[in-house]
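Good morning, and thank you for coming. Please keep the sequence and the model in view while I speak.

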Amino acid sequence: MPRFFSNKRLILLLVGVIVLVALISFSLKDRRNASIPEQIVKDVVGFGQSLFSKPAHYITGTIEKIDGILNTYEENKQLKARLQEYASNQVELADVKAENKRLRELIGKTEDLRAFDPIQATVISRNPDQWEEKVIVDRGSTSGVELDMAVITAKGLVGKVVNVTKTNSTIELLSTENRNFRVAAVIPGETSVFGLIEGYDPDRRELIMKRIDSSFDVKVGMKVESSGLGGIFPKGLYIGEVTEVSTDDYGLTKLAYIRPAADFSMLDHVVIAKRKMEVYKNGTDTESPTEDQGEDES
Amino acid sequence: MSRFIIPLLAVCLFFLEPVFSLFSPIDIGGMEYILVPRFVIVYLIFLAVYYNQKRAILLGLILGLLYDMYHIDIIGVYTFLYPLVCYLGALLIRQVHRHIVTVMFLSVILIVLLELLSYFFASLIALTSIHLDEFIVRRLVPTMIANAIFIGMFGWLFKKVMTGRGMQNQAGS
């Protein structure tokens with residue numbers, strides 16, 4: 001049996017462990033803001049990464065296209081059936097929009113929580129050790145991306161920006177286990193039901209909407225969207241559908257399980273929503289360490 | 001050109017890992033299975049076994065640091081784990097016959113070790129809350145199978161590249 005470590009190696013190992021523990025605790029403290037060397041590394045690696053990811057997206061895109069062609073006939077039949085419905089919806093929508101605009105002018109309110117500038121981005125990588133649900137996209141602060149902005153796909157909300165460098169940004173997906181990840185949500189209806197999306201149930205693969213006032217009547221099948229009251233997200237981003245309603249641990253407020261509309265597993269193109277109205281940085285959308293400490297103390 | 005082939009291949013695999021993880025998690029029969037591509041560490045183990053242990057540890061340190069900075073935002077996790085696994089790989093191979101099948105088998109075992117260590121780290125800093133049995137079924141076993149396929153496909157190639165380089169070095173010196 002040879003000796004595992006010689007004396008010199010043992011000292012080297014111990015020093016290494018100490019340095020690494022120090023580095024880990026240092027970088028755990030503030031993970032949302034990358035330091036300048038980190039930003040440079042992220043930008044350089046991100047550039048190399050996009051050289052590999054873009055051809056990969058092209059290949060998967062081509063395969064999807066071939067798949068689409070094979071299903072054309074079936075799809076065409078279904079789409080034709082829905083076309084009628086679509087036309088009447090279109091007319092109604094145009095009418096409602098025009099009326100909405102007229103009414104807005106009437107009361108002199110031009111700003112809209114719903115309005116946002118879309119920033120198109122391509123996903124270049126997913127965190128390979130998948131302990132955290134994070135993806136990196138190829139747009140950064142030079143394109144106008146800022147921390148905590150909402151990220152959507154055509155189907156609905158997928159996550160928010162948690163780290164920004166010059167040319168990349170990291171997005172944490174809704175399916176995260178991070179408890180500080182909150183989205184101010186609303187179930188629109190005759191009386192809007194407000195709540196917070198807090199947490200994800202990995203077994204059910206559903207989001208949990210908490211802090212719903214128990215006087216509200218929430219039914220299975222209702223649609224959930226972002227309320228825009230968190231400070232940074234625009235209003236009206238579709239999140240999902242209610243599948244179950246129950247009460248929370250203390251029986252004071254209601255809790256709803258929501259099946260997310262977006263698919264988190266095969267992301268390629270996403271849109272970062274930069275809202276046009278003024279941004280308020282201390283709302284529920286922001287995830288600041290000081291805020292968490294305040295909650296722990298109370 | 002041939003001088004740079006070893007680091008170049010490592011960097012290529014480093015960039016390919018996140019591309020493959022875009023396909024994960026996969027859904028089979030209503031269960032989500034997580035596949036973690038561990039191409040870089042397989043390559044580094046082969047490097048430690050067939051080429052040069054010090055080179056492997058150095059490359060592991062650099063790539064681990066890049067991995068931490070780019071993907072995880074916690075510096076020090078893979079910076080420590082990659083060189084450790086390379087060291088253990090080189091240590092263990094001295095005890096057994098250096099046949100390609102044993103090296104492949106060793107790589108799979110070391111991937112399991114790496115996964116376990118990263119699981120303990122993730123639960124330590126509360127990145128995850130899944131239990132050990134769930135972790136084994138949903139993550140460890142699928143990861144092991146997927147990486148075993150990768151090793152089976154590319155192990156020969158890695159060995160060929162490294163022994164080729166080793167031969168050139170000997171001829172040069």
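Of the 298 residues in chain A, 32% are buried. A residue is called buried if 20 or more other C-beta atoms lie within 10 Å of its own, exposed if 12 or fewer do, and partly exposed in between, the C-beta atoms being placed from the backbone. Please note that this is a predicted model, in which local features need pLDDT of at least 70 and side-chain atom pairs count only at pLDDT 80 or more, while totals for chains, interfaces and linings use all residues. Residues are numbered from 1 along each chain as its sequence is written, and chains are lettered from A and ligands numbered from 1 in the order in which they are written.

Let us stay with chain A. Its C-alpha trace spans about 80 × 55 × 40 Å along the principal axes. Chain A contains four helices and twelve strands; these are DSSP runs, numbered from the N terminus, with helices (H or I) of at least four residues and strands (E) of at least two. Two residues are in contact if their C-beta atoms, placed from the backbone, lie within 7 Å. Among the contacts in chain A with a separation of 6 or more, 63% join residues 24 or more positions apart.

Strand S6(A), residues 182-187, and strand S7(A), residues 193-201, pair in the antiparallel sense over six bridges; strands are said to pair if DSSP finds at least two bridges between them. Five residues separate S6(A) and S7(A) in the hairpin that they form. S7(A) is also joined by four bridges to strand S8(A), residues 206-213, again in an antiparallel arrangement. Which residue of S7(A) is the bridge partner of A:Ala184? That partner is A:Leu196, and A:Leu196 also stands opposite A:Lys210 in S8(A).

The hairpin of S7(A) and S8(A) has four residues between the strands. A:Arg205 lies in this loop and has a positive phi of about 55°, although it is not a glycine. Most residues other than glycine have a negative phi. A:Arg205 has 15 C-beta neighbours inside 10 Å and therefore counts as partly exposed. A:Arg211, in strand S8 of chain A, also has a positive phi, near 60°. Because 16 other C-beta atoms lie within 10 Å, A:Arg211 is partly exposed.

Next comes the interface. In chain B, 29 residues are in contact with 27 residues of chain A. Helices H1 (5-21), H3 (53-72), H4 and H5 (100-124) of chain B each supply at least two residues of the side that touches chain A. H1(B) gives the largest share, six residues. This side of chain B comprises 19 nonpolar, eight polar and two charged residues. Here Ala, Val, Leu, Ile, Met, Phe, Trp, Tyr, Cys and Pro count as nonpolar, Asp, Glu, Lys and Arg as charged, and the others, Gly among them, as polar.

Finally, consider a helix pair within chain B. How do H2(B) and H4(B) lie relative to each other? The axes of H2(B), residues 39-50, and H4(B), residues 77-93, come within 9 Å and cross at roughly 40°. Axes are lines fitted to C-alpha atoms, for helices over the stretch in contact, and angles run from 0 to 180 degrees between N-to-C directions. The two helices are therefore oblique to each other; angles under 35 degrees count as roughly parallel, over 145 as roughly antiparallel, 65 to 115 as roughly perpendicular and the rest as oblique. Residues making the contact include B:Leu44 of H2(B) and B:Gly89 of H4(B). By class, this contact has ten nonpolar, one polar and no charged residues.
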